[in-house]
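This report concerns aromatic contacts and nonpolar surface in a predicted model. The sequence and structure are shown first.

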Amino acid sequence: MAKNRGKSRAEARVERLTWALLVLVFVLPQFLPAETTLPFFVVPLLCALVMVGSGFFQFSRGWQVSPFLWIGGVLMAVMTGYSLFMNPNLDLNGFALLLTFIVILMGVILDET
């Protein structure tokens, strides 16, 4: 991994919280009752909100934001729009999970926290 570029504890904590929230987006639906089904756009929407929200929060603090976080957030937003307006029957949760894994993996590889 790359050497830490002198991040503050607060910045590292926000990045770890972002990753934890992304994982939580996929874990929480598993605790819903079996008869409850979420619309297919919900998971990509929540991931987009977490990624873009974290990016803006970090940017507003003057911290460096990984381009993978921005790209992931935008792709999640596009998936949400596609699922919501074009094809509501297409389950993009698997792709959202893969994209989330890539964002977190790149954060680890590039020493984002």
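Two aromatic pairs are found when the whole structure of this predicted model is searched. The ring centres of F56 and W70 lie 5.2 Å apart, and their planes meet at 75 degrees; the pair is therefore edge-to-face, since planes over 60 degrees apart fall in that class. F56 belongs to helix α2 (residues 42–60) and W70 to helix α3 (residues 67–86), so this pair ties together parts that are 14 residues apart in sequence.

The rings of F57 and W63 have centres 6.3 Å apart, and with their planes at 75 degrees this pair is edge-to-face.

| Pair | Distance between ring centres | Angle between planes | Class |
|---|---|---|---|
| F56 and W70 | 5.2 Å | 75 degrees | edge-to-face |
| F57 and W63 | 6.3 Å | 75 degrees | edge-to-face |

W70 has a relative accessible area of 27% and is partly exposed. F57, with a relative accessible area of 34%, is partly exposed. W63 counts as buried because its relative accessibility is 17%, and the buried class covers values under 20%.

A further topic is the nonpolar surface. L17, L21, V23, L24, V27, L28 and F31 make a nonpolar surface patch of about 640 Å². One of these residues, V23, is located in helix α1 (residues 9–27). V23 counts as partly exposed because its relative accessibility is 44%, a value in between the buried limit of 20% and the exposed limit of 50%.

Definitions and conventions
Residues numbered from 1 in each chain as written. Predicted model: local features only at pLDDT ≥ 70, side-chain atom pairs only at ≥ 80, totals over all residues. Heavy atoms only, no water. Patch = residues over 30% accessible without salt bridge, like charges linked within 9 Å, V, L, I, M, F, W, Y side chains within 5 Å. Areas by Shrake-Rupley, 256 points an atom, 1.4 Å probe, with all protein chains shown as cover. Salt bridge = Lys/Arg side-chain N within 4 Å of Asp/Glu carboxyl O. Helix = DSSP H or I, 4+ residues; strand = E, 2+ residues; numbered from the N terminus. Buried < 20%, exposed > 50% of the residue type's maximum accessible area, 1.4 Å probe, protein only. Phe/Tyr/Trp six-rings, centres within 6.5 Å; stacked < 30°, edge-to-face > 60°.
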